[in-house]
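Look at the structure first, then read on.

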Amino acid sequence: MVRLHEDGLPATQGEWVAEVQDWFAKTSPGREIPDESTIRRRLTPIWRALRETP
């Protein structure tokens, strides 16, 4: 959320998913990363709401 506040939305949802995967890779113990579909399912409602906001 800090990244979104400071830098705005990425150009595509795919870029945002990749950023979240990178974040998990850097911060998760044991380097466990949720699969892309799980991340996308969680981000999609946020992405849509933020894209619709003027």
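## A term to know

A polar contact is a pair of N or O atoms within 3.5 Å. Within protein, one atom must be able to donate a hydrogen and the other to accept it. Keep in mind that this model is predicted.

## Glutamine 13

Start with glutamine 13, which sits in helix 2. Its side chain makes a polar contact with the side chain of threonine 44, at 2.8 Å. Glutamine 13 counts as buried because its relative accessibility is 14%, and buried means under 20%.

Leaving aside residues up to four places away in sequence, glutamine 13 touches Arg40, Leu43, Thr44 and Trp47. Trp47 returns in the next section.

## Two aromatic pairs

A pair of aromatic rings is described by the distance of the centres and the angle of the planes. The whole structure holds two aromatic pairs. In one, the rings of tryptophan 16 and tryptophan 47 have centres 6.0 Å apart. Their planes meet at 40 degrees, so the pair is tilted. Tilted pairs fall between the stacked limit of under 30 degrees and the edge-to-face limit of over 60.

This pair links distant parts of the chain. Tryptophan 16 belongs to helix 2 (residues 13-27) and tryptophan 47 to helix 3 (residues 36-52). They are 31 residues apart. Both tryptophan 16 and tryptophan 47 are buried.

Tryptophan 23 and phenylalanine 24 also pair, edge-to-face. Their centres are 5.0 Å apart, with 75 degrees between the planes. Is phenylalanine 24 buried, partly exposed or exposed? Phenylalanine 24 has a relative accessible area of 22%, so it is partly exposed.

Technical notes:
Residues are numbered from 1 along each chain as its sequence is written. This is a predicted model: local features need pLDDT of at least 70, side-chain atom pairs count only at pLDDT 80 or more; totals for chains, interfaces and linings use all residues. Side-chain values use heavy atoms; hydrogens and water are left out. Rings of Phe, Tyr and Trp (its six-membered ring) pair if their centres lie within 6.5 Å; planes under 30 degrees apart count as stacked, over 60 as edge-to-face and the rest as tilted. Helices (H or I, at least four residues) and strands (E, at least two) are DSSP runs, numbered from the N terminus. Buried means under 20% relative accessible area, exposed over 50%, partly exposed in between (1.4 Å probe, protein chains only). Contact means heavy atoms within 4.5 Å.
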